[in-house]
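Please read them with the coordinates open.

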Amino acid sequence: MNYTRKYIIFFLLILSLSSINRATAQVTESKSSYNVNSIKNKGTLAPNANFTGTVWVNMVVSGNDSLDCAIGKVTFQPGARTHWHYHPGGQILIVTDGVGYYQEKGSPIHVVQTGDVVKCPPYKEHWHGASPDSEFTHTAISTNTSRGSVVWLKPVTDQEYLKKSNL
Ligand code: MN
């Protein structure tokens with residue numbers, strides 16, 4: 001076998017290997033449900049029915065798939081907050097910006113800030129939101145969403161909300 005013939009065979013071998021690689025990649029992509037959302041976006045205004053004040057929500061992971069969780073970024077303007085509510089599957093809050101409040105029924109208000117991680121147990125009534133003087137952003141991870149979605153209750157009154165400053 002001369003050098004030219006060896007070179008041609010080597011070249012053809014490389015060519016066939018690269019086309020096999022491309023075919024494999026296409027099969028992998030079509031089997032996957034790969035989907036990209038960005039958590040950088042502020043999202044859309046949250047419904048007034050469940051929140052007090054101005055709140056944006058960006059749901060980056062929907063609770064209706066096999067991962068059994070929902071993930072959203074929630075941004076509260078100063079003074080804005082959720083209504084009282086509970087999650088049948090629980091929730092984890094990761095504070096990414098600002099200073100806010102978290103309160104469980106029967107407990108005092110806790111001040112939370114950037115970096116804090118809060119675990120809300122299943123069925124525990126609570127609310128979360130901004131403090132009066134700071135915008136507040138958290139990533140909310142609702143866990144075990146197959147147990148049911150959030151159950152909304154009464155608004156957090158100004159008296160309940162301002163109790164922090166009277167303590
Ligand atoms: Mn919650």
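Predicted model: local features only at pLDDT ≥ 70, side-chain atom pairs only at ≥ 80, totals over all residues.

1. Residues are numbered from 1 along each chain as its sequence is written, and side-chain values use heavy atoms, with hydrogens and water left out.

2. The chain has three helices and twelve strands; these are DSSP runs numbered from the N terminus, with helices being H or I of at least four residues and strands E of at least two. Of the contacts (heavy atoms within 4.5 Å) between residues at least 6 apart in sequence, 68% join residues at least 24 apart.

3. Which residues coordinate the manganese ion? The donors are His-85 (NE2), His-87 (NE2), Gln-91 (OE1), His-126 (NE2) and His-128 (NE2), at 2.2 to 2.3 Å. Donors are N, O and S atoms within 2.8 Å of the metal (3.2 Å for Na, K and Ca); water is not among the atoms, so the site may look incomplete. Along the sequence, the donor residues are spaced H-x1-H-x3-Q-x34-H-x1-H. Both His-126 and His-128 are buried.

4. Gln-91 belongs to strand β7 (residues 91-104) and counts as buried because its relative accessibility is 5%. Its side chain makes a polar contact of 2.8 Å with that of His-87 and another of 3.2 Å with that of His-128. A polar contact here is a pair of N or O atoms within 3.5 Å; within protein, one must be able to donate a hydrogen and the other to accept it, and residues adjacent in sequence count only if both atoms are side-chain atoms. Not counting residues up to four places away in sequence, Gln-91 touches, among others, His-85, Val-118, Cys-120, Ala-140 and Thr-143.

5. The count of aromatic pairs is six. Rings of Phe, Tyr and Trp (its six-membered ring) pair if their centres lie within 6.5 Å; planes under 30 degrees apart count as stacked, over 60 as edge-to-face and the rest as tilted. Trp-127 and Tyr-161 form a tilted pair, 5.9 Å centre to centre with 50° between the planes. This pair links distant parts of the chain, 34 residues apart: Trp-127 is in strand β10 (residues 126-130) and Tyr-161 in helix α2 (residues 158-161). Trp-127 is buried at a relative accessible area of 0%, and Tyr-161 is buried at 4%. Together with Tyr-101, Trp-127 and Tyr-161 form one aromatic cluster.

6. Arg-81 lies over the face of Tyr-161, 4.3 Å from the ring centre. The charged end of Lys-105 sits over the ring of Trp-84, at 4.5 Å from its centre. The criterion is NZ of Lys or CZ of Arg within 6 Å of the ring centre and within 35 degrees of the ring normal.

7. Pro-132 is in the loop between β10 and β11 (136-143) and is partly exposed, with a relative accessible area of 36%. Leaving aside neighbours within four places in sequence, Pro-132 is in contact with Pro-78, Gly-79, Tyr-101 and Tyr-161.

8. The whole structure contains zero disulfides, taken as pairs of cysteine sulfur atoms within 2.5 Å. Cys-69 is buried at 17% relative accessibility, and Cys-120 is buried at 4%.

Conventions: Buried < 20%, exposed > 50% of the residue type's maximum accessible area, 1.4 Å probe, protein only.
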